[in-house]
Amino acid sequence: MTETFRHRYIQARRELIRRDFGFLNPEQLEAVMTVEGPLLLLAGAGSGKTTVLINRIVNLIRYGSAAESDYVPDTATEEDIAVMQAGPSEEAARLAAVDPVEPWRILAITFTNKAADELRSRLEQALGPASDDVWAQTFHSACVRILRREAERLGYSRSFTIYDTGDSQSLMKRILKEKDLDEKMFPYRYVLSVISSAKDARQDPETFAQAAAKAYDPRQKHIAGVYKEYQRQLREADAMDFDDLISNTVTLLEDYEDVRSYYQRRFRHVLVDEYQDTNNLQYLLASTLAGGHENICVVGDDDQSIYKFRGATIRNILEFESRFQGARTIRLERNYRSTAHILEAANGVIRNNSKRKRKRLWTEQGDGEQPALHIASNEHEEAQFVADCILEDFAKGVPWGDHAVLYRMNAQSNQLEYAFKRSGIPYRVYGGMKFFDRAEVKDMLSYLCVLANPADDLRLLRIVNTPPRGIGANSLEKAVAIAQENGMPLYRVLQNAGDYPELQRSASRMRQFTILMDELRSLSEQEPLDTLYDAVTERSGYLAALREKNTQENISRIENIGELKSNILSFIKETGDGSLHGFLDQVALYTDLDNLESGADAVVMMTIHSAKGLEFPTVFLVGAEEGIFPGLRAVGDPEEMEEERRLAYVAITRAMRKLWITCARQRMLFGRTSSNRVSRFVEEIPPEHLRTDRTASPFSGQRSEGAPQSRSPLSASRSAGREPIRPILTPSSGQGPAPDFRVKDRVEHISFGPGVITAMTPMGGDFLVEVSFEKVGPKRLMLRAAATKMTKQNDRDESGDAT
DNA sequence: CGCACCACAATTTTT
DNA sequence: TTGTGGTGCG
């Protein structure tokens, strides 16, 4: 074989792969074709990182290391070169592949189920069924998968229970109360976060206690005791909290050579998404799994690290190159999401952070519109301004769902909701009460958990008297004490309640309860999950208790219980796994079920945190004021301030075409009125990329008079007297004839039904009409759009026309 | 044992 | 301003 042939062969092969991924830009392509060794992808917002991740996996499976390899098979022929030169095809891929990676040797880790789902489905699209074997999982579900096989080595059973945040919190509250620690000094959230950090630092209760003994803060010693007790109770209940899932997996890999080498050999490539959000444990997990081959590819953006409060350390990304020898770094700076003005605004803000990797987003999409700042006089007006902008867009045919409103705190959503309701704008608030957090759903799940794991005292306590069975708190406390003393699960005590004189008063009811549960448990061994569930809801008396009172509340609870059943059914259908444990695992790790996409066309409202990873044509960033964003706590703390700034960066880069930033001169928050300066982040936007809109919203005058107190804007006071702008003209401007609507006209709307026009205001070549509908109340609509859905009724109001 | 009332506090939250 | 958690009474 001649050198030139070898050379041509390798060239043809590389060219083939390049062509196969020809839709990628040069940096993306480089990332995809860099196959071996540690790789850091600094992926700016909107730079197509998921695309890169997916195609990198596709490349590994399809071509293996061909893109970087000098290997030429002995059997290579001119014909082979010709096939490869002809372009991507199955045959060409087969010829070109060098040591292709089997799908099951790839581990791709994400943070959210949503991201994992997206990864899986896009891989499926690209690779077909072969993609099923790729481990595309969240950190937690990957760990559960490992632990379900190996947990016995750590002294748990294979069917250990997973405690979610709420469970951890209730357990912690119980312990703090038991230990009689002052809740002012020891708020459960704080204690939990200390324990979480301890776990992140690989400190077990003993090591933590040693460190605490030397600490200045006397609270640490108490917390050490709490930590010990917390872990003890988790153990007793055969339960792991979210941190334990990862921590225990790391322990398993560290302490058991055979387990470690099994997984290190199994996975030839480890990919980690959203690397800027990883904590120390997650870093340890990923790097241990990648140990040996060091084929670890991490994707992230240090500028979007906004979860420090949850233990994420930006150091993982900043120190990647020094921790992994020979690491390569590739920057993805080309942005496909936003127009240039928006990106420059984002660049201008983030430039003020000192701890970051150099990066500058750019685009070829053109300048677009400048971000605009609107200064409102108060929070009502701010909210109304947002609503008006959205109405105006809607009138132009822009769907509601193209708009997102982002705020720093959930508490800010209220005013906006009022404004949207008033204006007839459909909206969805993202991230409120989650389905699985509802009491009735947790109750039903607790029943299932206790059936699966009778040692789960926490869940047992939740349901033992829900619905009321006459088992009082006092006797329960006694039972808990007995269980503690004898080191046995509470369930056992309840079963044998008759043996303990102090329990005699409710002994029979306790026994009855365990008999019920035992029967249900035996049912769970014979019947499918959905049948079991029905039995639980009925025989526990839970549904019956709800049916007793026909309140709105109870009706919705019954609905939710039904909703959980459909969750069960679809779980069985989708996974083919009807096991109770399988379902509970999925639920424990899948709190994110109410997703955004499923909704109808509606404006989206959420915190900036929840917006990460999403994009919207138009974004409103509200409450851009000192003290709110950046929040009060960040002022005077440079680290916190940088985190807030990253948050600002995230917010700005969500916008594709139009960014509105709003603030209020005065705002009432938590019952107190304050006036704040405009956010420093706004001032950090280079002036040439920001338009300041100092005129108040076109309706501010009317709004502040009529809107706040009145539920019906058709109130007489409005039309009477001194309002000069009451158009009675027929709207005529703009293209197309607009129908002849006037104030006081009776109308019939397709979806809102009959109503009366109460006001019309000219606006951008159109009219904003206010209609008081009989059934749905007042709505504000843009006439041009509404005219197609609304007809004028002939029977005019008595006087004909006003004025 | 359940409900009503009153203090109190209150970023952000992928699992 | 809103929601939550604890206490006291019927």
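1. Helix α6 (residues 113–127) lies across β2 (106–110) and β3, and runs at about 165 degrees to β3. Helices (H or I, at least four residues) and strands (E, at least two) are DSSP runs numbered from the N terminus. Axes are lines fitted to C-alpha atoms, for helices over the stretch in contact, with angles from 0 to 180 degrees between N-to-C directions. Helix α14 (residues 280–289) packs on the sheet and touches β2, β6 (269–272) and β7 (296–300), where contact means heavy atoms within 4.5 Å. The direction of α14 makes about 155 degrees with that of β6.

2. This is a predicted model, in which local features need pLDDT of at least 70 and side-chain atom pairs count only at pLDDT 80 or more, while totals for chains, interfaces and linings use all residues. Residues are numbered from 1 along each chain as its sequence is written, chains are lettered from A and ligands numbered from 1 in the order in which they are written, and side-chain values use heavy atoms, with hydrogens and water left out.

3. The open sheet with the order β3-β2-β6-β7-β1-β8 has 6 strands and parallel pairing; two strands pair if DSSP finds at least two bridges between them. β3 (135–138) and β8 (328–332) each have a single partner strand, so one side of each is left without a neighbour in the sheet. Strand β1 (residues 39–43) is joined to β8 by 5 bridges, and L40 stands opposite T329 in β8.

4. A further open sheet, of 7 strands, is ordered β11-β12-β10-β13-β14-β9-β17, again with parallel pairing. Its edge strands, β11 (427–429) and β17 (691–693), each pair on one side only. The twist averages 20 degrees from one strand to the next. Between β11 and β12 (residues 603–607) there are 3 bridges in the parallel sense; R428 stands opposite V604 in β12.

5. Which element gives the most to the lining of the second largest pocket? α28 does, with 7 residues. The lining divides into 13 nonpolar, 12 polar and 11 charged residues (Ala, Val, Leu, Ile, Met, Phe, Trp, Tyr, Cys and Pro count as nonpolar, Asp, Glu, Lys and Arg as charged, and the others, Gly among them, as polar).

6. DNA strand C is surrounded by K173, N414, Y418, M668, F670 and G671; a residue is near a strand if one of its heavy atoms lies within 4 Å of it. Of the atoms of DNA strand C within 4 Å of the protein, 36% belong to sugar or phosphate and the rest to bases.
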